Amino acid sequence: MNYNTWRHRTVEVEPSLRIAYIDCPSKNKRSQRGVILLIHGFPQTSYQFRHVIDPLAEAGYRVLAPDYRGAGASSKPAIGFTKSIIARDLVRLLDALEIHEPVHVVGHDIGGMVAFAMAAKHPSRVASVNWGECPLPGTSAYIEDRTTHSVQQFHFIFHSVPDLPLALVAGRERIYLSHFFQKIAYNTAAITNEDLDHYVRCYEQPGAMRCAFELYRAFEQDAKECEEWISAYGKLSIPALCLTGARSRHLDHAAKMFAEVHQKDTYEVVAVPESGHYIAEENPEGFVRETLRFIEKTTVGPK
């Protein structure tokens, strides 16, 4: 892992909104195979991909891992937390880096919702989309997580309450973030104390938890946008992979959820063994293996 040696940069994608990102060029001199865009989830940042960036770069890909708006080293704006707006941020990041060819988008958790929005709203910029470990707003899985599974997914409602969550969590970020890692990781050694320290520092920043909660407050608008998009334009036809943990609760609804928003025979569902929710950290080898297999299946290029 070369977390401190990758290029850590920022780009202003709109006035006063800076997006921080990791940029790792291809490490295969014989093969330049395109760009992979990794989009993190909550309660994480681009740091969650620390184990997989180098292996993906060694396979010949340029790898970008941004902190979406409100997270990590990116700006903490007051508004703009629908997943379509965050997807637009990332398209502007690609524009700023003069990356105009379609990229391979990989999103986890909240990042999975952003990845779907990017594939739906900006299909010319997406070569393939790999997303999972989230109930996409606008699908039956999302409705069930707000109702049938509301205790397990309590934070969907809690984060949507104005003001109170921030007041209760402030100063207790370590306790709160630890809850999620302890509850839905299968490989309990994957998130070390040092890793937790990193995430806690990120979410202790002024505005960080507020922005995290805003991501969830936007879910109902995200659902409305998804439903309207599918109704107007139909299901997505871009090659898609649902990457889920074999020990994750999200595996149960993955196939049905994808069938609701992706055209038949354009997607596959893969369960990564020995992993719960945090696949890139719990089983990075499996994450890299399945990500590369899927990308290489959907593209034509040198082996």
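Mentor: A cavity here is a set of grid points where a 1.4 Å probe fits but cannot get out, and a lining residue has an atom within 4 Å of such a point. A volume is the space filled by probe spheres set on the points. The model is predicted.

By that definition, the second largest cavity has about 140 Å³ of space. Its lining consists of 13 residues, and Phe116, Ala117, Asp222, Glu225 and Cys226 are the closest to its centre. Two or more lining residues come from each of α2 (83-96), α3 and α10 (219-233). Of these elements, α3 gives the most, with 5 residues. By class, the lining of the second largest cavity holds 8 nonpolar, 1 polar and 4 charged residues.

A total of 21 residues line the largest cavity, with Asp109, Gln153, His155, Ile184 and His277 nearest its centre. At least two lining residues are supplied by each of α3 (110-121), α5 (154-158) and α7 (173-184). The largest share is that of α7, at 3 residues. The classes in the lining of the largest cavity are 12 nonpolar, 5 polar and 4 charged.

How values were computed. Residues are numbered from 1 along each chain as its sequence is written. This is a predicted model: local features need pLDDT of at least 70, side-chain atom pairs count only at pLDDT 80 or more; totals for chains, interfaces and linings use all residues. Side-chain values use heavy atoms; hydrogens and water are left out. On a 1 Å grid over the protein atoms alone, a cavity is a set of points where a 1.4 Å probe fits but cannot get out, and a pocket is an open set with protein on both sides within 12 Å along at least five of seven lines; lining residues have an atom within 4 Å of a point. Helices (H or I, at least four residues) and strands (E, at least two) are DSSP runs, numbered from the N terminus. Ala, Val, Leu, Ile, Met, Phe, Trp, Tyr, Cys and Pro count as nonpolar, Asp, Glu, Lys and Arg as charged, and the others, Gly among them, as polar.
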